[in-house]
Amino acid sequence: MREPPLEDFSTANVPESGEERHLHGAPLLTALTVVSHPQPHRVGDRVLLQALAAGREVELSRNAPAFIPPGSALGSHLADPFISRKPLVLSPGPHGGLRLSPAEGAKVSLGDEPLQGPWELSSEEVAAGVPLVLAGRVVLLLHLAEPSPPRGQDMLGMVGASAGIQRVRHHVEQVADLGVSVLIRGETGSGKELIARAIHQRSPRRLRPFVSINLGAIPRELAASELFGARKGSFTGAVKDQDGFFQAAQGGTLFLDEVGEAPPEVQVMLLRVLETGELYPVGSRTPIAVDVRLVAATDAHLEEQIRDGRFKAPLLHRLAGYSIRVPPLRERPEDVGPLFHHFAREELEALGEAHRLSPGDPFREPWLPAPLAVRLVRHGWPGNLRQLRNVARQLVIGSRGQSRLRLDARLEEELFPAEAPRAGRPTSAPSTPAPSASRRKPADISSEELLTALREGGWDFQAAADRLGIHRTSIYDLIERHPDLRTAGDLSVEELTRCFHACKGNLDAMVRQLEVSRRALGRRLKELGLG
């Protein structure tokens, strides 16, 4: 009988549907999360705007509402003396959107554009996350969120309160005390090893070894001996018996990162260990019993590799005794502020300057300037947590000894090369169109119109957004709904490599052939060492 085609229901690049984002069945609520504040300890404080769900207005000002730290029961208002007491009124808009109505004299911006009158946000824009800047000092992210986690909930060493990271914590708690193997799927840099460690630390094996191996970093010809051990004389250079990583992890957990890079012969040996609990060291005919829990991770599309004959389907089924999908950072923008401050604090502590993030004079300028905070939450973060950590390190070191973080032109080009101004465009031009009555709703744009704008704009998303009269972030939502479009993150390494060689490294030719964002494609190529 012919087997049904393999489907990938947990691949790293597929965002979850609205229903799947509800951890406990409750609908998502509109929320505001603090991204930047003159009092850095306020970053991550959140308020759920439950009144909006009931059809009522919410007033946002210096004195209301109360923002609550994650896991806490008590909160406080923003309290910055520069924010107006006159409120910005948020009220339900049509089709699940929001209407923003600033009071006269209230200084409010949508990102870097002043809000000079009433403005409507579509439901897609709210779902993508909208940065609000109050008085040029306090940055909030308007987004969708689940209800706060129960007070006292174990954060499992993971920073953030987004629905995505709450879901990951829930999966860890569900599977940690069991003996089944776990497959963690997520993009590069998304924190898969952190999740594997959390599983180990909350398992009965927590007092035994946790051994972490990156299969992509081991030469293919040495992978078998490194994992399973080898006997003296089994290959050139084997001058004595050696144990492998399975023996080193005896009684504990073995974490295999980039498991999709395992050579075919190693896949066979891994499958045998998972089925029998025994391994054969290279050059030995005597099996060795091992007691190891296997946690594997990948950013590869294993189902595609199975169809191409590069990965064994039975091994995938064994590895995925339980699967956990790690959301990319772009799907959890409300966590960017808390994560950035977490990484920055670690760097400041290493420099002996952690006092910069201590509560102080409420009239002082924010340590994280509002324009930079907006840039952080709007960035796509193709490198996820790893890239954010690196940006935090560079900014902290580059601003060493100064009262505020600085992003000079050189550092901006290095950290955000994909967001540098386009040729012929003034550097002072806004990154999104100014709010005006001519702005369009993404829902009114047809698939054909979107595709035409992308092609005419050379697959520059900002150029396409300008042509269509929408926010740049709405482009991603439209692409997600388009049946024939994909993003650069959806492309496999194999497809990228083939296209690179076929186009002789010409980025414009690759963009025309692949039909993805030029800037995002350039980032992917750099990550692969092809740029």
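The model is predicted.

**The second largest pocket**

The second largest pocket holds about 530 Å³ of space. Its lining is made up of 25 residues. Closest to its centre are Gly189, Ser190, Gly191, Lys192 and Arg386. Four helices each supply at least two lining residues: helix 3 (163-175), helix 4 (192-201), helix 10 (336-351) and helix 12. Helix 4 gives the largest share, with four residues. By class, the lining has nine nonpolar, eight polar and eight charged residues.

**His379**

His379 sits in a loop. Is His379 buried or exposed? His379 counts as buried, because its relative accessibility is 4% and the cut-off for buried is under 20%. The side chain of His379 also has a polar partner. A polar contact of 3.5 Å links it to the side chain of Gln387.

**Leu454**

Leu454 belongs to helix 14, which spans residues 447-456. Its relative accessible area is 0%, so Leu454 is buried. Which residues does Leu454 touch, leaving aside those up to four places away in sequence? They are Trp459, Phe461, Ala464, Ile475, Ile479 and Leu485. Leu454 and Ala465 are eleven residues apart in sequence, and their C-alpha atoms are 8.6 Å apart in space.

**Cavities**

Rolling a probe the size of a water molecule over the atoms shows where empty space is left. How many cavities of 30 Å³ or more does a search of the whole structure find? The search finds two. The largest cavity has a volume of about 60 Å³. Its lining includes Leu60, Ser61, Ile83 and Ser84. Lys86, Pro87 and Leu88 also line the largest cavity, as do Ala106, Lys107, Val108 and Leu134. By class, this lining has seven nonpolar, two polar and two charged residues.

**The two spaces in one table**

| Space | Volume | Lining by class |
|---|---|---|
| Second largest pocket | about 530 Å³ | nine nonpolar, eight polar, eight charged residues |
| Largest cavity | about 60 Å³ | seven nonpolar, two polar, two charged residues |

Note on methods
Residues numbered from 1 in each chain as written. Predicted model: local features only at pLDDT ≥ 70, side-chain atom pairs only at ≥ 80, totals over all residues. Heavy atoms only, no water. Buried < 20%, exposed > 50% of the residue type's maximum accessible area, 1.4 Å probe, protein only. Polar contact = N/O pair within 3.5 Å; in protein donor to acceptor, adjacent residues only side chain to side chain. 1 Å grid on protein atoms, 1.4 Å probe; cavity = no way out; pocket = protein on both sides within 12 Å on 5 of 7 lines; lining within 4 Å. Points joined across faces, edges and corners; volume = space filled by probe spheres on them. Nonpolar A, V, L, I, M, F, W, Y, C, P; charged D, E, K, R; others polar. Contact = heavy atoms within 4.5 Å.
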